[in-house]
Amino acid sequence: MSHRPHVVNVFFPLVDLRDENGPTAFAPGTHNDAACRDALATIIETGDPAQQISPLLSTGDAVLFDCRLLHRGRANRSTNDRVIAYLTVAAPWWRDDEMFHAAQPTTAAALLGCLLYTSPSPRDS
C-alpha cells in the first residue's frame with residue numbers, strides 16, 4: 001500500500017528568506033488529521049503551534065512538503081517583498097474544493113501529477 005501524499009507543494013524562494021522577511025513556518029507532523037486538530041487547538045489557544053520550524057533559505061532553494069502539513073508565512077518586518085514561486089503537484093483525481101474552488105490544474109501540473117502518481121513507487125513493490 002502506498003503512503004505517498006496525494007498533493008505535494010513545492011516552493012522556490014526568489015529572494016533569500018531570513019527572520020526579518022518572514023520565512024515560512026512548518027508544524028512538523030501535522031499532515032495527519034489527529035495531529036492537525038491538536039496543532040490547530042494549540043494555535044487557537046496560544047497563537048502558535050507547539051512545534052514549528054522556519055528554515056532560512058537562499059534564492060533558488062526548494063522546499064517540498066505534503067500539502068496537509070500546517071504552514072504559514074511569518075511576518076515580513078523588512079521593507080522588501082518576500083517573493084516565492086509556488087507549485088502544487090497533485091494526483092490526477094484530486095481537487096481542492098476549499099482553497100482553490102475546484103479549479104482545474106494547468107496542463108503542466110496535470111501532466112506532472114499523472115507522471116508522479118501513476119508510476120509505481122519502489123515502496124509499492
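This note sets out numbered points on a predicted model of a protein chain.

1. Overall fold. The protein chain contains two helices and five strands, arranged along the sequence as β-β-α-β-β-β-α. Of the contacts with a separation of 6 or more, 82% are between residues 24 or more positions apart.

2. Burial and surface. Among the 125 residues of the chain, 27% are buried.

3. Aromatic pairs. The structure holds four aromatic pairs. In one of them, the ring centres of Phe-11 and Phe-26 are 6.3 Å apart with the planes at 5°, so this pair is stacked. Because Phe-11 belongs to strand 1 and Phe-26 to strand 2, the pair ties together parts that are 15 residues apart in sequence. Phe-11 counts as buried at 2% relative accessibility, and Phe-26 likewise at 6%.

4. Phe-11, Phe-26, Phe-65 and Tyr-86 form one aromatic cluster.

5. A buried loop residue. Asn-21 sits in the loop between strand 1 (7-13) and strand 2 (24-26). Its relative accessibility is 8%, so Asn-21 counts as buried, the cut-off being under 20%. The Asn-21 side chain reaches the backbone oxygen of Asp-16 at 2.8 Å. Beyond its neighbours within four places in sequence, Asn-21 is in contact with residues including Ala-75, Asn-76, Arg-77, Ser-78 and Arg-82.

Key. Residues numbered from 1 in each chain as written. Predicted model: local features only at pLDDT ≥ 70, side-chain atom pairs only at ≥ 80, totals over all residues. Heavy atoms only, no water. Helix = DSSP H or I, 4+ residues; strand = E, 2+ residues; numbered from the N terminus. Buried < 20%, exposed > 50% of the residue type's maximum accessible area, 1.4 Å probe, protein only. Contact = heavy atoms within 4.5 Å. Polar contact = N/O pair within 3.5 Å; in protein donor to acceptor, adjacent residues only side chain to side chain. Phe/Tyr/Trp six-rings, centres within 6.5 Å; stacked < 30°, edge-to-face > 60°.
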